[in-house]
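Try each task before you read the solution.

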Amino acid sequence: MTDGVDAWVAPTEAAAVVHPLSERGQTLAVVESLTGGLLAATIVDIAGVSSVFRGGLVVYATDLKAALVGVPGDLLADRGPVDPDVALALAEGGRRRCMADWCLATTGVAGPEPQNGRPVGLVYVALAGPDGARVRELRLDGGRTQIRSNAVTGALRLLAEELQGVQPPAVRG
């Protein structure tokens with residue numbers, strides 16, 4: 001496992017975003033591809049989340065990324081669904097569609113085989129918020145379940161760092 005993402009710590013990371021968002025009176029949405037609903041499920045496990053979580057979209061199929069979230073079709077055609085700019089477009093589109101202050105998005109390759117020349121374990125997590133959007137590339141090891149779990153942790157950690165004012169060097173946007 002790389003990029004400092006630990007084994008299943010996402011519930012702790014979820015609490016680290018839900019509680020500060022609740023204190024701020026801000027809302028959160030998610031758009032998920034690779035994680036297939038696991039990010040939303042992890043977030044809603046936190047007590048008090050109803051004042052924060054707006055909802056989300058699971059857009060596993062590439063065409064739904066355009067149809068439901070508004071990712072530009074030419075971007076998807078040119079780069080495919082596993083791309084940092086696609087991740088940013090997912091987060092920005094989800095924020096608009098769900099009318100949330102913040103939106104987290106996930107896209108990547110969980111395996112067992114590479115996808116469109118992208119290696120297993122390549123994941124992009126993105127965040128759109130009041131001050132713009134950011135994306136982080138993760139290179140994760142393990143099987144499908146571990147990669148998906150660590151992608152959830154990575155996404156939550158990205159938002160937690162943003163809420164704490166931490167600007168790690170691996171962020172762009």
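**Exercise 1.** How are α3 and α5 oriented to each other?

*Solution.* A quick note on the source: this is a predicted model, where local features need pLDDT of at least 70, side-chain atom pairs count only at pLDDT 80 or more, and totals for chains, interfaces and linings use all residues. Residues are numbered from 1 along each chain as its sequence is written, and side-chain values use heavy atoms, leaving out hydrogens and water.

Step 1: find the angle. The axes of helix α3 (residues 62-69) and helix α5 (residues 84-98) come within 10 Å and cross at roughly 40 degrees. Axes are lines fitted to C-alpha atoms, for helices over the stretch in contact, with angles from 0 to 180 degrees between N-to-C directions. Helices are DSSP runs (H or I, at least four residues), numbered from the N terminus.

Step 2: classify. Under 35 degrees is roughly parallel, over 145 roughly antiparallel, 65 to 115 roughly perpendicular, and the rest oblique. So α3 and α5 are oblique to each other.

**Exercise 2.** Which residues of α3 meet which in α5?

*Solution.* Look for contacts, meaning heavy atoms within 4.5 Å. From α3 come K65, A67, L68 and V69; from α5 come A89, L90, G93, G94 and R97.

**Exercise 3.** Is E13 buried or exposed?

*Solution.* Start with its place: E13 sits in helix α1 (residues 10-24). Buried means under 20% relative accessible area, exposed over 50%, partly exposed in between (1.4 Å probe, protein chains only). E13 has 13% relative accessibility, so it counts as buried. Leaving aside residues up to four places away in sequence, E13 touches T153, L156, R157 and A160.

Conventions
Helices (H or I, at least four residues) and strands (E, at least two) are DSSP runs, numbered from the N terminus.
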